[in-house]
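This briefing is arranged by topic for a reader with the coordinates at hand. Please consult the display below before turning to the points that follow.

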Amino acid sequence: MKKINIHKLSAKDKKKIHTWLRAFIQLLYFLFLPSAYTAAFSGVKYIFTQIGAGEKVGITSFVSVLIVLCLYTILFGRFFCGFACAFGSFGDAVHALYIKICKKLKKKPVKISDTWAARLSSLKYVVLAVIVVMCFTGVYSKTQGYSPWDVFSMIHAGNFKLNNYIVGIVLLILLVVGMAIQERFFCRFFCPMGAVFSILPILPFFALYRERENCIRGCSGCTKKCPSGIEIPDVDSTEVNGECFQCQKCIDTCPKGNIHCGIQELRGNEILFTLFRAVVLLGLFLWLGI
Amino acid sequence: MKTFGIKVINMIAIIGLLLGYNMVLENRERDDQIAKLKAEVEGLKLAQQSAISENSEGTSENDSYADGTYSGEAEGFGGLISVEVEIEDGMITNIEIVSAESEDGAYLTMAKDIIPEIIDNQSTDVDTISGATFSSTGIRNAVTQALEKAEK
């Protein structure tokens, strides 16, 4: 067998490997660990329900998932969102399918304009605030059947007793339409767990930066490729954008290979680093017993 | 850098508030317990003084179940949950989950909190665990089914 040197692959091959690796990791997490995102968010809901009822906040299984995922995100960025969240992966699949169909039909895909996307992305904080207030006041338990996440998890688990979930089903269908049109539609605009993640103080070690001075003038290929439309900060800064899902598409898109993470030594080892992060996350999940 | 600082401060504030909140509640609980114990001690003193020792034990406990181990099954979130209920002296003494393969780990752990509730109340007429409604309802229904078999 010929040994493949990952440092000597062409940019095109690297891109291919990255794409397939990501799809593979997403598929495995989707099939075997689909409940992490709801469990973590149940932690948020639990905390505020307890406070609203004047009860003590214990370290329940939900809260420990929430704490561990937040710590992981602070260190590695929102890798969980980009690679392991079942709902995010589902959205990626829907979007990929839509783009493929558009290509076949030779139609230009519909897109939400960048200005609107930027405006909509603060909506997720509203969603988070509304749910938190509802938990705090104890109203939340009365809205059973409204959550599109519940419907999604039930369908995923093969549970089709969805009689009382009309609102949730309608919301889920609307979200699927959105997911098709806009990459990471739900994650960017509505995900309350994403809202929690993006207000975390994410450390700059593994966040992505670009060497601005080497950029081709007026290129902005990375921003166009980015599902969150992020203008990647310059290497000199330690700025971290909480909207970054760590999908790492920008790294492969850049024609000059200008983009790398905070720790420069990892440059060229993206494949191994991605695998490393996926395995660490898997270890944490197994330890938590999700 | 500035936003990072603000985010750190925010996070520390939220964690601090949560810990503080828990501490206040813990202190209150402790005070309550001390007050309760004090009242109990007083009561015992009074009972000794009056020196009336009436042997009146509440023996007429729930005797509607036959002793033994019974199993029950019910639908949880993604499939069947099966439990075993132990009855001793007509009382529910232990409930064990035999299998719940299709439940998600974090949810099942949470849902298990319903077991001490059922044992404390000696009844399945208890509230489900919010956040893990499906799994805890499954456990409750499975126990109900087991108890039906145990009824005399």
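At what angle do the axes of helix 5 of chain A and helix 9 of chain A cross? They cross at roughly 60° and come within 7 Å. The model is predicted: local features need pLDDT of at least 70, side-chain atom pairs count only at pLDDT 80 or more, and totals for chains, interfaces and linings use all residues. Residues are numbered from 1 along each chain as its sequence is written, while chains are lettered from A and ligands numbered from 1 in the order in which they are written.

**Helix packing in chain A**
- Helix 5 spans residues 86–105 of chain A and helix 9 spans residues 166–181 of chain A; helices (H or I, at least four residues) and strands (E, at least two) are DSSP runs, numbered from the N terminus.
- Axes are lines fitted to C-alpha atoms, for helices over the stretch in contact, and angles run from 0 to 180 degrees between N-to-C directions.
- The two helices are therefore oblique to each other (under 35 degrees counts as roughly parallel, over 145 as roughly antiparallel, 65 to 115 as roughly perpendicular and the rest as oblique).
- Helix 5 of chain A contributes Gly91(A), Val94(A), His95(A) and Tyr98(A) to the contact, and helix 9 of chain A contributes Val176(A), Met179(A), Ala180(A) and Ile181(A); contact requires C-beta atoms, placed from the backbone, within 7 Å.
- By class, this contact has six nonpolar, two polar and no charged residues (Ala, Val, Leu, Ile, Met, Phe, Trp, Tyr, Cys and Pro count as nonpolar, Asp, Glu, Lys and Arg as charged, and the others, Gly among them, as polar).

**Arg277(A)**
- Arg277(A) lies in helix 14 (residues 270–288) of chain A.
- Arg277(A) is buried, with 22 other C-beta atoms within 10 Å (buried means 20 or more such atoms, exposed 12 or fewer, and partly exposed in between).
- Not counting residues up to four places away in sequence, Arg277(A) touches Phe76(A) and Phe79(A).

**Sheet of chain B**
- Three strands of chain B form an open antiparallel sheet in the order 1-2-3; two strands pair if DSSP finds at least two bridges between them.
- Strand 1 (68–75) and strand 3 (91–99) of chain B are the edge strands, each pairing on one side only.
- Seven bridges join strand 2 (residues 80–88) of chain B to strand 3 of chain B.
- Glu86(B) stands opposite Asn94(B) in strand 3 of chain B.

**Contact between the chains**
- Chain B gives 21 residues and chain A gives 25 residues.
- Helix 1 of chain B gives the most to the chain B side, with nine residues.
- The chain B side divides into eleven nonpolar, eight polar and two charged residues.

Key
Contact = placed C-beta atoms within 7 Å.
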